[in-house]
Number of protein chains: 2
Amino acid sequence: MEKQIILKNRPKGEPSEADFEFQEIESQEPKAGQVLLESIFISVDPYLRGRMRDEESYIEPFEVGKPIESMIVAKVLKSHNPTLEAGDHVIGMLDWKTKQVHSGENLRKIDSAVAPLSAYLGVLGLTGLTAFLALDKIGDLKSGETLLVSGAAGAVGSVVGQIGKIKGCKVVGIAGSDEKIQHIKEKFGFDDGINYKTTKDMKKAIEEACPEGVDVYFDNVGGEILDATLQNINKAARIINCGAISIYNKTEIPTGPRPEGILIKKSALMQGFLVRDHMAEFESAIKQLAGWLQEGKLKYDETIVNGFENTPKAFIQLFEGKNTGKMLVKI
Amino acid sequence: MEKQIILKNRPKGEPSEADFEFQEIESQEPKAGQVLLESIFISVDPYLRGRMRDEESYIEPFEVGKPIESMIVAKVLKSHNPTLEAGDHVIGMLDWKTKQVHSGENLRKIDSAVAPLSAYLGVLGLTGLTAFLALDKIGDLKSGETLLVSGAAGAVGSVVGQIGKIKGCKVVGIAGSDEKIQHIKEKFGFDDGINYKTTKDMKKAIEEACPEGVDVYFDNVGGEILDATLQNINKAARIINCGAISIYNKTEIPTGPRPEGILIKKSALMQGFLVRDHMAEFESAIKQLAGWLQEGKLKYDETIVNGFENTPKAFIQLFEGKNTGKMLVKI
């Protein structure tokens with residue numbers, strides 16, 4: 001018997017373990033064209049919270065009673081598909097199951113000789129791609145500019161900051177503890193950091209950390225930190241709306257100061273970014289990221305939670321800020 | 001003796017006639033290099049309200065006790081400047097004075113044979129340029145897309161709609177009376193219109209008028225109409241934040257639903273636009289606009305108020321929606 005995790009209820013506000021249910025399922029045999037996969041690493045990501053809502057979005061909502069899916073690194077145990085063979089490692093959008101039969105489509109082979117398998121879910125996966133492509137498409141970083149990043153110790157934020165340094169920017173990170181601030185400065189080379197949990201006046205703190213103003217703000221959190229940043233942007237600033245973890249768990253659209261006046265005054269831009277819109281560029285972006293990784297210019301953190309049974313807990317902990325870097329579950 | 005209008009007090013909320021003062025000034029003679037100008041048409045514009053605030057912006061605030069300035073069409077009465085001669089018509093950023101001595105710098109000669117003098121303050125002036133360049137730089141209109149315009153009967157909005165039709169878009173306008181809606185359909189070729197003053201549910205009204213969703217929203221008003229539009233945007237929509245007349249008179253930054261969640265979900269863009277950032281392209285844009293004007297593809301309205309003494313009143317009436325198209329004062 002194998003195990004799977006289904007969505008039991010749509011969470012109201014913060015997700016809880018009661019919103020998930022473990023089920024035993026019978027082992028299956030792959031048919032012609034199919035493969036049998038064993039999950040090795042499961043990626044848990046804030047955007048999954050959005051898929052738990054029953055509303056139209058860029059990706060269809062999860063169904064209650066059906067397994068959750070996310071990016072998973074798996075090993076091919078058996079293959080009746082000519083493109084894969086037993087022993088291959090693959091990455092793809094897969095069900096939260098210990099083992100599963102799969103068509104073999106939309107899986108990508110990955111090589112543990114180039115980077116550790118877990119890196120393909122982080123710095124070489126959607127998080128690294130998000131950082132790279134959002135900066136490329138919207139950020140348009142120029143040497144000497146000031147780049148501010150929220151969620152700076154997170155999987156996306158830490159790559160964003162390092163790319164900022166590679167591009168010659170001054171990089172300031174916002175994170176939720178003094179340890180995280182110290183860490184992003186020491187490990188990832190951020191020039192400065194702001195602990196938003198101990199800062200009363202974020203507008204002033206950003207002004208002090210970015211005395212020349214903010215040219216690019218890579219926003220992973222939305223909400224009041226975005227408001228405070230808007231008061232510190234330079235002419236022609238670019239704000240990348242990549243995530244809004246501060247509002248994902250709200251049951252109504254939260255209100256805040258209207259941005260349109262500032263956007264006009266500063267000829268500034270706010271643009272939402274979804275990495276899935278840019279799949280055609282994944283291969284070239286991964287090549288660039290892998291190159292920096294091998295040159296030692298790109299470092300990364302991962303928080304690995306052990307055990308399939310801890311997958312919902314790991315997901316919930318994302319919203320409590322307990323991870324440093326990419327949050328993964330090792331089966 | 002000549003007359004001038006100075007800023008007496010910074011308006012609190014809606015501007016009133018008491019915020020302005022008329023003064024008599026002595027006639028002056030131009031010195032070497034200077035010209036003597038007689039004002040013919042004064043442009044009154046919503047953005048002038050912003051300059052009446054004492055705060056940092058894209059353009060320096062007016063000083064209390066000093067003349068207001070705006071774009072003015074004037075006639076050269078005397079010239080000691082080799083680039084201009086008596087009888088020339090010019091346009092430039094000039095003081096609200098009946099006559100004034102000027103350095104001759106940053107004035108542009110205009111030709112009444114190409115278009116009526118007043119058109120240089122409207123369809124061939126900053127309002128036409130704003131419509132053309134904002135659509136060019138941010139709108140990126142594609143044939144078959146849906147373009148929604150607020151302030152549609154205004155000087156900028158009416159040109160925006162007509163350019164949308166020239167580009168093959170479906171064009172829907174938002175304005176404040178049934179007469180204005182009828183007018184933008186009949187005179188400017190808008191496909192449909194929404195009277196926001198008699199509409200209770202703007203979200204639903206936009207949905208009905210734009211059944212295929214909004215691809216480009218040209219926003220002259222900000223506030224609740226922007227909120228309602230955000231709920232109807234398509235994937236990769238472009239929102240041009242060109243004006244926010246609904247919030248200019250507020251004394252505090254008003255609040256509203258946070259846009260970042262929708263921007264992310266739709267990979268959409270909101271970008272502030274200031275025409276002054278694009279001065280290098282004015283000449284080529286005016287050429288294109290004048291071409292459309294002469295081909296009869298571009299029509300325009302103007303509301304002309306007579307008399308220098310009515311200039312403050314004309315400015316105040318902008319915020320009461322009393323103008324149709326460009327609001328001008330004829331001296």
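**Entry 1: salt bridges and polar contacts**

I began with the interface of chain B and chain A, across which the rule finds six salt bridges, a salt bridge being a side-chain nitrogen of Lys or Arg within 4 Å of a carboxyl oxygen of Asp or Glu. In one of them, Asp227(B) pairs with Arg258(A), and the closest N and O atoms are 2.8 Å apart. I note that this is a predicted model, in which local features need pLDDT of at least 70 and side-chain atom pairs count only at pLDDT 80 or more, while totals for chains, interfaces and linings use all residues. Residues are numbered from 1 along each chain as its sequence is written, chains are lettered from A in the order in which they are written, and side-chain values use heavy atoms, with hydrogens and water left out.

I then looked up polar contacts and found 20 residue pairs across the interface, both residues at pLDDT 80 or more; the term covers a pair of N or O atoms within 3.5 Å, where within protein one must be able to donate a hydrogen and the other to accept it, and residues adjacent in sequence count only if both atoms are side-chain atoms.

**Entry 2: extent of the interface**

Taking contact as heavy atoms within 4.5 Å, I find 37 residues from chain B and 37 residues from chain A. The area buried between the two chains is about 3,100 Å², of which carbon and sulfur atoms give 57%; buried area is the accessible area (1.4 Å probe) that two parts lose on being put together, summed over both. In chain B, Arg258(B), Ile264(B) and Lys265(B) lose the most area to chain A, together 25% of what that side buries.

**Entry 3: strands across the interface**

Which strand of chain B does β13 (residues 255–257) of chain A join? I find three bridges to β13(B), with the strands running antiparallel, and Thr255(A) stands opposite Pro257(B). Strands here are DSSP runs (E, at least two residues), numbered from the N terminus, and two strands pair if DSSP finds at least two bridges between them.

Strand β14 (residues 269–272) of chain A also pairs with β14(B), in the antiparallel sense over three bridges, and the bridge partner of Gln271(A) is Leu269(B).

I followed an open sheet of twelve strands with mixed pairing, in the order β10(A)-β9(A)-β8(A)-β11(A)-β12(A)-β14(A)-β14(B)-β12(B)-β11(B)-β8(B)-β9(B)-β10(B). At its edges stand β10 (192–195) of chain A and β10 (192–195) of chain B, each with a single partner strand, so one side of each is left without a neighbour in the sheet.

Technical notes:
Helix = DSSP H or I, 4+ residues; strand = E, 2+ residues; numbered from the N terminus.
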